[in-house]
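Subject: The structure I promised you

Hi,

Here is the structure we talked about. Have it open next to this email while you read.

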Amino acid sequence: MRILGALTLIAAMFSAGQAGAEDWQARAKKHSAELADFSFGTGETLPAITMTYYTLGTPQRDADGHIVNAVMLLHGTGGSGLSLLRPSFGDELFGPGQPLDLARYYIVSPDNLGHGDSSKPSDGLRAAFPRYDYDDMVEAEYRMLTEGMDVQGLEMIVGTSMGCMQGFVWGEEHPGFARRLVPLACNVIEIAGRNRMFRQMIIDGFEQDSAYAGGDYAEAADLKRGVAIWANALILAGSNPYRMQAEAPTREAAVDQLHNTLERYSAHPADPNDTIYQFDASRNYNPAPRLSEITVPVLWINSADDFINPPGLGDPEAKAAEMPNARFVLVPASEETRGHGTHTWPVFWKDELAQFLADNP
């Protein structure tokens, strides 16, 4: 394991803009692919699903017309393809001479199945939507690339949180399709223990809300108990205790920050059915027994302040050693890191990514 050194303070909050930042979301081109006759691991099928995705850069093609310079970004639970096109991410990676320089790479950032503008329960089927899992999500990504985009291989997959876990699924289910894997902020063991409990709190909070009505609620805001549990769980799971202590050093400040944050969450509540499906999709995840099958270069980065993936859980150093060409990096906790969300701030790990690309051209 390699531990990173001291890093520069980032003043802006995760969701805030940065002075002089590039508007990568506005620059991105939006596309969609219709995938016919989609089969789920449960045995359920849909006549078609839609996968929406965003692109940056210029595709380069081989003699057969296949795109050969694509890098796929995979967002976290509840996010979208735009999640990784924020200034905090793109300003560190997409510019000239940066690790994912758009002059070299074609960035593909999908709304994964169940998220954003891709097919999801809230489109109309609600709780009758097939109960997808990560394998289904990866299959949808694979078909989007191969059927909808003429991509028969990727230069790299960079995945955060849920996308991190799906990167390991990609490595096992489609070996070699991506030449390199960069999973950020996840583990490779079964989602159990506190991780599953945190997810189940959110699922139960919505399903046990009297307004849930078996998934046939009128408005998400009607599920006040479910929304409160969802918001409280996300505040804890996504936070950095060192940063929170620095930002709210008194009881009064802490209570005010909590209530203000809850107010922002409650003003824009997530769709309960979509959220239940998103947090339950990890139920079958467990790549640990097959890690030795992942032979492409892997740069796996976690942060020490991650509530969901705390240091040492599952012995990630030993698990990385089971992959022939993998390295595990741990970002130390500080008042500057972002808890679980450190994955979306490349300032903490882009030097490692640059070295990884130099070592694995």
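Below is what I found, one topic at a time.

First, a word of care: this is a predicted model.

**The annotated domain**

Let's begin with what the record says. UniProt, in an unreviewed entry, places the feature "domain: AB hydrolase-1" at residues 70-333. In the model, that span is 39% helix and 12% strand, and its end C-alpha atoms lie 32 Å apart.

**The disulfide**

Next, look for the cysteine link. A disulfide is a covalent bond between the sulfur atoms of two cysteines. The structure holds one disulfide, and it joins C164 to C186 with an S to S distance of 2.0 Å. C164 is in helix 4, while C186 sits in the loop between strand 7 and helix 5 (193-207), so the bond ties together parts that are 22 residues apart in sequence. If you like geometry, the angle about the S-S bond is -60 degrees, which makes the link of C164 and C186 left-handed.

Are these two cysteines buried or exposed? C164 counts as buried because its relative accessibility is 0%. C186 counts as buried too, at 2%.

**Salt bridges**

How many salt bridges are there? The count comes to 15. I picked out a few for you to find.

One of them is between the side chains of E92 and K350, with 2.9 Å from N to O. E92 belongs to helix 2 (residues 87-93) and K350 to helix 11 (residues 350-359), so this pair ties together parts that are 258 residues apart in sequence. E92 is partly exposed, at 21% relative accessibility, and K350 is partly exposed with a value of 21%.

Another one links R179 and E155, whose closest N and O atoms are 2.8 Å apart. Here both partners are in loops: R179 in the one between helix 4 (162-173) and strand 7 (181-184), E155 in the one between helix 3 (134-148) and strand 6 (156-160), so the pair connects parts 24 residues apart in sequence. R179 is partly exposed, with a relative accessible area of 36%, whereas E155 is buried, at 14%.

E173 lies in helix 4 and R290 in the loop between helix 9 (272-280) and strand 8, so the two tie together parts that are 117 residues apart in sequence. E173 is partly exposed at 39% relative accessibility, and R290 is partly exposed with a relative accessible area of 30%.

Salt bridges can also be linked up: R131, R196, D280 and R283 form a network of them.

**A charged residue without a salt bridge**

Now go to D305, in the loop between strand 8 (298-303) and helix 10 (316-321). D305 is buried yet has no salt bridge. Which side chain of opposite charge is nearest to D305, and how far away is it? It is R338, 8.1 Å away.

What does the side chain of D305 make polar contacts with, then? The side chain of S303 is one partner, at 3.1 Å, and the side chain of T337 is another, at 2.6 Å. Leaving out residues up to four places away in sequence, D305 touches several others, among them S239, N240, P241 and H340.

**A few backbone details**

D150 is not a glycine, yet its phi is positive, near 60 degrees. D150 is found in the loop between helix 3 and strand 6 and is partly exposed, at 36% relative accessibility. A213 is not a glycine either and has a positive phi of about 55 degrees. A213 lies in the loop between helix 5 and helix 6 (224-237), and with 49% relative accessibility it counts as partly exposed.

Last stop: E263, which lies in helix 8 (residues 251-267). E263 counts as exposed, at 56% relative accessibility. E263 and R251 are twelve residues apart in sequence, and their C-alpha atoms are 18 Å apart in space.

Terms used
Residues numbered from 1 in each chain as written. Predicted model: local features only at pLDDT ≥ 70, side-chain atom pairs only at ≥ 80, totals over all residues. Heavy atoms only, no water. Helix = DSSP H or I, 4+ residues; strand = E, 2+ residues; numbered from the N terminus. Buried < 20%, exposed > 50% of the residue type's maximum accessible area, 1.4 Å probe, protein only. Lys, Arg positive; Asp, Glu negative; His and termini not counted. Salt bridge = Lys/Arg side-chain N within 4 Å of Asp/Glu carboxyl O. Polar contact = N/O pair within 3.5 Å; in protein donor to acceptor, adjacent residues only side chain to side chain. Contact = heavy atoms within 4.5 Å. UniProt positions renumbered as here; feature names shortened; annotations may be inferred. Disulfide = S-S within 2.5 Å.
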